[in-house]
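Please read it beside the model.

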6 protein chains.
Amino acid sequence: MALQRLIDYEDAGLEVRAVYDDILATRKTDYINNFWKALANDPATLKRTWESVKQVMVPGALDALTKELIYIAVSVTTQCSYCIASHTASAESKGMTGEMFHELMAVVGMANETNRLAAGYQVEIDERFKTA
Amino acid sequence: MALQRLIDYEDAGLEVRAVYDDILATRKTDYINNFWKALANDPATLKRTWESVKQVMVPGALDALTKELIYIAVSVTTQCSYCIASHTASAESKGMTGEMFHELMAVVGMANETNRLAAGYQVEIDERFKTA
Amino acid sequence: MALQRLIDYEDAGLEVRAVYDDILATRKTDYINNFWKALANDPATLKRTWESVKQVMVPGALDALTKELIYIAVSVTTQCSYCIASHTASAESKGMTGEMFHELMAVVGMANETNRLAAGYQVEIDERFKTA
Amino acid sequence: MALQRLIDYEDAGLEVRAVYDDILATRKTDYINNFWKALANDPATLKRTWESVKQVMVPGALDALTKELIYIAVSVTTQCSYCIASHTASAESKGMTGEMFHELMAVVGMANETNRLAAGYQVEIDERFKTA
Amino acid sequence: MALQRLIDYEDAGLEVRAVYDDILATRKTDYINNFWKALANDPATLKRTWESVKQVMVPGALDALTKELIYIAVSVTTQCSYCIASHTASAESKGMTGEMFHELMAVVGMANETNRLAAGYQVEIDERFKTA
Amino acid sequence: MALQRLIDYEDAGLEVRAVYDDILATRKTDYINNFWKALANDPATLKRTWESVKQVMVPGALDALTKELIYIAVSVTTQCSYCIASHTASAESKGMTGEMFHELMAVVGMANETNRLAAGYQVEIDERFKTA
């Protein structure tokens, strides 16, 4: 059994092709990356995930590039190498400059450090930061 | 021994007071939050951390609010409740609207989900995403 | 020094061989995988870990396959690529179908997403969910 | 601004009420838990998340209880206290016995341990576990 | 059902009491902390975990205090508040000074930061650091 | 754009060379490892990170080897493969024996396991472990 084989367009069923077509049209590209080709083993998850990504990553109160930066921040924190590689490329294609990338890394590193200092020193939440 | 007691301005030594003064001046506030009061148990770490935060969080290629959003993305991913509470408050004071917050949460949740799908399906990095 | 060299059966001391023999007999296989060959550098940890794994993974109130699925859920969440690869293979040998794998991935992804939404929105635990 | 206030049914708009109604009907309960009341601050995320949870957690190749166990495994690994409390309650309502819970915890703890042993010993993936 | 109630000595069965007695004798204390009282709901896990902790935490090539520091480093990184509180207390009782604690926190914070810089910059392992 | 290319000494600007020189002098080596060569893409982060590492990792109340062990404990917990490889090599050069490494791994694995047991059983912090 190959649970994670990559499914190319020409080997895909109709349901998967419909998602691929939407990815290609939405992203104005002719390339389906490996993430989607792997998810295509499970058409239901492929479709649900793509629909969610499309809805979530669309420009809104935050622009598309800012959303990519946030995505990278998460991926670096969880150490997902595929996600770091693919979304760094994606952010570059959306206009991320080297300077932005460097500042992003600096904030992500710093946040991971201060997160642990806050935990290790068992800092209680200030009254004024409490919700409700 | 109380390794993590909160040190107020009036109980602080000169070295700590100098950092507190700089925090108050830089942030144009009269409030030192608990994180710094806890770090003050170790003046060297207090000073080094504050200098780094000041340098890293300053507006550059990324504006101050974007940096706060990135900070929150990390803190939510690592589940640091102090950091989530304090930086959500901080982001609001820098202009984060409810809509921005909601979109931030949606991207952070989505990224944490797709990070695991990429790992679980053992997706290999596409040639075109490889560095070098 | 090679702290992590893989120790084959023929190069192993008596203590390590005794564990290898038990692995082979318990799993009805003729293959020792790299994880155990690496742990064999420290016979005490090899023995303790194997004894624990044997005790914990045995069918009980939960069957052996369900335990493998839980093991994969953890490994995908922490992004341990060795563990994902080895336990996915192990789960398949215990009867995991493609459909089961896909549903497992969907739940793991979803849980990682909603975990962060709960943290980011600083949701308080409902009275009825509190223990004691 | 209160980004994370809990929104009760009577204070909710039509879009949120429609989701609440579906939660109540699907779960055959008269209780909306805090997670959904917090997400209701962002009706789009509430709706998208609920639709996904409903689709993902439905019995399929894996039964509903097994899915809850997997959900708990993730939540314990990421240390999400809200999710641990709510899904442990949920699993109990679906038939999780004390024995099942104890075995679940034992596997989750063990997997988190062996995940780190595999990483620390830099164990290479066995040829036979490689995909494709 | 109360899966996580704390089981006191006088309410415990013989199997649990035997472990409690060993904890009290080994640690030369008259106090059983909540972690063990919770694990006592599952005597098999209580016994297995205690035996492992006893074996692993005993002074060897690393002394008992160094092992506590390592334990705290892990707990701060995973943000386990119970473990941070209990092992900080334990380390103090074994001689951890304030200065040691502060240096520990500084290293843990720094490591969490540089871990992410290494991941975000996709740094390849130097030939000379490769095993085998 | 190559955000993460490795910058060799002869291709570096004056600011980067000054840091490289300090690394070489401080570590009494003639080798700059890839981590610094990647950070050199952002001279400000290179300089800030090196200054912090130099300050934090210097022998103090904890000796240099103990600090390396703590660094490895974090890196194994977050599954940072670059950091595990480079700091294991570094620890060996500072005198870490095989026995020390094995005990380190045993504690790190155990701590990751008991962290999850504490979370899963929702153990409340004992009064006596509470700060302040």
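Contact here means heavy atoms within 4.5 Å. The model is predicted. By that contact criterion, 100% of the interface residues of chain C are also interface residues in chain D, so the copies meet through the same surface.

**Chains C and D**

Two copies of a chain are related by a rotation about an axis and a shift along it. For chain C and chain D, the rotation is 180 degrees and the shift along the axis is 0.0 Å. The superposition has an RMSD of 0.0 Å. That is the relation of a two-fold axis.

**Chains B and A**

What does the interface between chain B and chain A look like in numbers? On each side, 61 residues are in contact: 61 of chain B with 61 of chain A. The table collects the totals.

| Chain B with chain A | Value |
|---|---|
| Buried area | about 5500 Å² |
| Carbon and sulfur share of buried area | 73% |
| Salt bridges | 4 salt bridges |
| Polar contacts | 20 residue pairs |

Of the area that chain B buries against chain A, B:V107, B:Y121 and B:F129 supply 12%, more than any other three residues. A salt bridge joins the side chains of B:R48 and A:E113, at 3.8 Å from N to O.

Which elements of chain B give two or more residues to the side that touches chain A? They are helix 2 (34-39), helix 3 (43-57), helix 4 (64-78), helix 5 (81-93) and helix 6 (98-120) of chain B. Helix 6 of chain B gives the largest share, 17 residues.

**The nonpolar core**

In soluble globular proteins, nonpolar side chains tend to be buried together. The largest nonpolar core in this model has 294 residues. Within that core, A:W36, B:W36, C:W36, D:W36, E:W36 and F:W36 touch the most other members.

What does D:W36 touch, leaving aside residues up to four places away in sequence? The partners are D:Y20, D:I23, D:R27, D:L46, D:T49, D:W50 and D:V53.

**Positive phi**

Most residues other than glycine have a negative phi. A:K28 has a positive value, near 50 degrees. A:K28 sits in the loop between helix 1 (14-27) and helix 2 (34-39) of chain A. Is A:K28 buried or exposed? At 76% relative accessibility, A:K28 counts as exposed, because the cut-off for exposed is over 50%.

F:Q122 also has a positive phi, near 50 degrees. F:Q122 lies in the segment after helix 6 (98-120) of chain F.

Note on methods:
Residues numbered from 1 in each chain as written. Chains lettered and ligands numbered in written order. Predicted model: local features only at pLDDT ≥ 70, side-chain atom pairs only at ≥ 80, totals over all residues. Heavy atoms only, no water. Least-squares fit on C-alpha atoms with pLDDT ≥ 70 in both. Core = buried A, V, L, I, M, F, W, Y, C linked by side-chain atoms within 4.5 Å. Buried < 20%, exposed > 50% of the residue type's maximum accessible area, 1.4 Å probe, protein only. Buried area = accessible area lost by both parts, 1.4 Å probe. Polar contact = N/O pair within 3.5 Å; in protein donor to acceptor, adjacent residues only side chain to side chain. Helix = DSSP H or I, 4+ residues; strand = E, 2+ residues; numbered from the N terminus.
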